[in-house]
Amino acid sequence: MFKRILVPLDGSRFSSKALPYAVEIARRFDSEVVLLRVLKPTAPMAALGMGAIPGTESPVTLEIAAQESNRQ
């Protein structure tokens, strides 16, 4: 029924409480859990175009983005 379950995490106690529920649902439906780390922007998003600050991407983020683009 669910192929992927997206769990956005912002570091708060409340967001981390969602994770066990997502894992349980994923087990029941043999789904993949995708974690999304939400960060507060360091600069106004409109001034940056799409919101990315050139040169600040981490290798992990770039790798995940590449994997996702290859899936589609």
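These legends describe close-up views of a predicted model.

**View 1. The largest nonpolar core.** Five residues form this core: Ile5, Val7, Leu9, Ala22 and Ala26. Strand β1 and helix α2 (18–29) each supply at least two of its residues. The biggest share comes from β1, with three residues. Every member counts as buried, because a core of this kind is a set of buried residues joined through side-chain atoms within 4.5 Å.

**View 2. Contacts of Ala22.** Which residues does Ala22 touch, not counting those up to four places away in sequence? They are Ile5, Val7 and Val33.

**View 3. The Arg4–Glu32 salt bridge.** The structure holds two salt bridges. One of them joins the side chains of Arg4 and Glu32, at 3.2 Å from N to O. This pair links distant parts of the chain, its partners standing 28 residues apart. Arg4 sits in strand β1, and Glu32 in strand β2 (residues 32–37). Are the two side chains buried or partly exposed? Arg4 has a relative accessible area of 44%, so it is partly exposed. Glu32 is partly exposed too, with a relative accessible area of 32%.

**View 4. The Arg28–Glu24 salt bridge.** Side chains of opposite charge can pair when their charged atoms come close. Here Arg28 forms a salt bridge with Glu24. The closest N and O atoms lie 3.1 Å apart. Arg28 is exposed, with a relative accessible area of 64%. Glu24 counts as partly exposed, at 34% relative accessibility.

View 5. Phe2, one of its members, lies in the segment before β1 (4–9).

How values were computed
Residues are numbered from 1 along each chain as its sequence is written. This is a predicted model: local features need pLDDT of at least 70, side-chain atom pairs count only at pLDDT 80 or more; totals for chains, interfaces and linings use all residues. Side-chain values use heavy atoms; hydrogens and water are left out. Helices (H or I, at least four residues) and strands (E, at least two) are DSSP runs, numbered from the N terminus. Buried means under 20% relative accessible area, exposed over 50%, partly exposed in between (1.4 Å probe, protein chains only). Contact means heavy atoms within 4.5 Å. A salt bridge is a side-chain nitrogen of Lys or Arg within 4 Å of a carboxyl oxygen of Asp or Glu.
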